[in-house]
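Here's a quick tour of a few spots worth a look in this model. Have the structure open and follow along.

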Amino acid sequence: MTMPDINDLNKNFSINSHQQLSFKLGEGGIPNVEIVNDYASALISLQGAHVLSWKPKGEEDVIWLSSDATFAMGKSVRGGVPICWPWFGAHESVASFPAHGFARTVLWPVIKTTALESGETQIIFRLDTSELDEKLQAMWPQATVAEYRITIGKTLTFELISFNNSADAITIGQALHTYFNIDDISQTTVTGLEGKDYLDKTRDFERKNQSGPITINEEVDRVYLQTADDIVIDDSKRKIHIEKHGSSSTVVWNPWKEVADKMGDLGKAGYRHMLCVESANAAEDVVSILPGESHTLQVTYKIN
Ligand code: TA6
C-alpha cells in the first residue's frame, strides 16, 4: 500500500460531531488516527493498525507504550497492541521470515469509520495479502484478507476476522500482543489461567502446568493452551478484564530486567510497568480455515 494522503483520509473518514475522529501525521511520517468520544480517547497508527493508546475518561492509559519506542516504516513499535498475523512467533519453516508475521509492519487501509449510536466510535481496517508487495506475497502466497474492527468506548473491543480467499485450506497463527500499562509488576497477579498447560519459551518450550494465579518476578514467556476463559490482570490499583472468543491460547510475557536491557527499546525500568497478556491462537492452537471460510478472534477489555 502506498502512503495515503492525510487530507484524503480526513475527507473520507473523519468524524466531526459530538465525537471526533481525525488523521494526523505521526512520528516517522506515519499517519495516526486520533479518536475522542464521551467515554475515552484513543490513538491508532495506520502502520499495523496498531493501537498506541486507549484512555477511558478519568483513567490512566490502559495500554503501555515504551518511552523509548521508535516509529519507522517497516519496524514494529515497542508497546501498544501489535497484531501478530498470519503467524505467531518464529515462522515454522523459514527462519529469515519476520517474527510474528508481517501484519504489524505494513500500512493497513482504512475502509470505514462510524460514530455509533451507543456513543462509541468504530474504525475498520482491511488488509488484503494479494495487494502486498511481491516479497511479502512470496512469504504468504495464499490470498487472505484480514478485517480488523476496533470499537472505542468505555470498553475496547477488537474483532480480527481472517478470510480465506484462496483455493486451499490455510493455517493462521495470531495474537493481539497487547502491552498493558501496569502500576507495579511486583504487585500484579493474572487470574483465569489456573490449571492450564503452558509452553515455557524460557525453557525451550517445556510443557508445564499453572498452579494458582500468575505472579511475575523473573522473565516470563509462556503460551498457555486451551484457554477460552476470561482473564483478570490485577495490579493492586485497578483490574483489567479480558473477555475473548475465538482465541484458544493466551500468551503471557514480561522480559524482566536482563532481557529488557538487551532489547534496548523498553525504556528505563519499563519492564516494571508493562505486561503482555495476548489473546492468541498459537503453537498447537493455530487455526485452520477452509477455502471461502473465515475465523473471528474477538476480544474486549474493560477496567474497574
Ligand atoms: O509474545 C511473546 C514474544 O513472542 C516473546 O518471545 C518476545 O520476544 C516478544 O514476543 C516480543 O517480540 P518482538 O518480535 O516484538 O521483539
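Asp5 caps helix 1 at its N-terminal end, with a side-chain oxygen 3.0 Å from the backbone nitrogen of Asn7. That's a polar contact, meaning a pair of N or O atoms within 3.5 Å; within protein, one must be able to donate a hydrogen and the other to accept it, and residues adjacent in sequence count only if both atoms are side-chain atoms. Helices (H or I, at least four residues) and strands (E, at least two) are DSSP runs, numbered from the N terminus.

Keep in mind that this is a predicted model: local features need pLDDT of at least 70, side-chain atom pairs count only at pLDDT 80 or more, and totals for chains, interfaces and linings use all residues. Residues are numbered from 1 along each chain as its sequence is written, and side-chain values use heavy atoms, with hydrogens and water left out.

**Helix 1**

- Helix 1 covers residues 6-13, and Ile6, Leu9 and Phe13 are buried there (buried means under 20% relative accessible area, exposed over 50%, partly exposed in between, with a 1.4 Å probe and protein chains only).
- Those three sit on the same side of helix 1, because they cover an arc of only 65° around the axis (the arc is that of the directions from the helix axis to the C-beta atoms).
- As background, an α-helix has 3.6 residues a turn, so residues three or four places apart point the same way.

**Ser22**

- Ser22 is found in strand 2 and is partly exposed, at a relative accessible area of 23%.
- Setting aside neighbours within four places in sequence, Ser22 is in contact with Asn10, Asn32, Val33 and Glu34 (contact means heavy atoms within 4.5 Å).
- Ser22 and Val299 are 277 residues apart in sequence, and their C-alpha atoms are 24 Å apart in space.

**Salt bridges**

- The count comes to 14 salt bridges, where a salt bridge is a side-chain nitrogen of Lys or Arg within 4 Å of a carboxyl oxygen of Asp or Glu.
- Glu34 pairs with Lys24 in one of these salt bridges, the closest N and O atoms being 2.9 Å apart.
- This pair links distant parts of the chain, with Glu34 in strand 3 and Lys24 in strand 2, 10 residues apart.
- Glu34 is partly exposed at 32% relative accessible area, and Lys24 is partly exposed at 41%.
- Arg126 and Glu147 meet in a salt bridge through their side chains, at 3.2 Å from N to O.
- Here too the pair links distant parts of the chain: Arg126 is in strand 8 (residues 121-128) and Glu147 in strand 9 (residues 144-152), 21 residues apart.
- Arg126 counts as partly exposed at 34% relative accessibility, whereas Glu147 is buried at 9%.
- Arg126 and Glu147 also belong to a network of salt bridges with Arg149 and Glu159.
- Arg207 and Asp197 form another salt bridge, at 3.2 Å from N to O.

**Asp235**

- Asp235 lies in the loop between strand 19 (231-234) and strand 20 (239-245).
- What about a salt bridge for Asp235? Asp235 is buried yet has none; the nearest side chain of opposite charge, Arg238, is 4.9 Å away (Lys and Arg count as positive and Asp and Glu as negative; His and the chain ends are not counted).
- The Asp235 side chain does reach the backbone nitrogen of Arg238, at 2.9 Å.
- A polar atom of the Asp235 side chain also lies 2.7 Å from the backbone nitrogen of Asp183.
- Beyond neighbours within four places in sequence, Asp235 is in contact with Asn181, Ile182, Asp183, Gln187 and Thr188.

**The ligand**

- Around the ligand you'll find Arg78, Phe88, His100, Arg104, His177, Lys201, Asp221, Val251, Trp253 and Glu278 (a residue is near a molecule or strand if one of its heavy atoms lies within 4 Å of it).
- An N or O atom in the Arg78 side chain is 3.0 Å from an oxygen atom of the ligand.
- Lys201 has a polar side-chain atom 2.7 Å from a ligand oxygen, and Glu278 has one 2.8 Å from a ligand oxygen.
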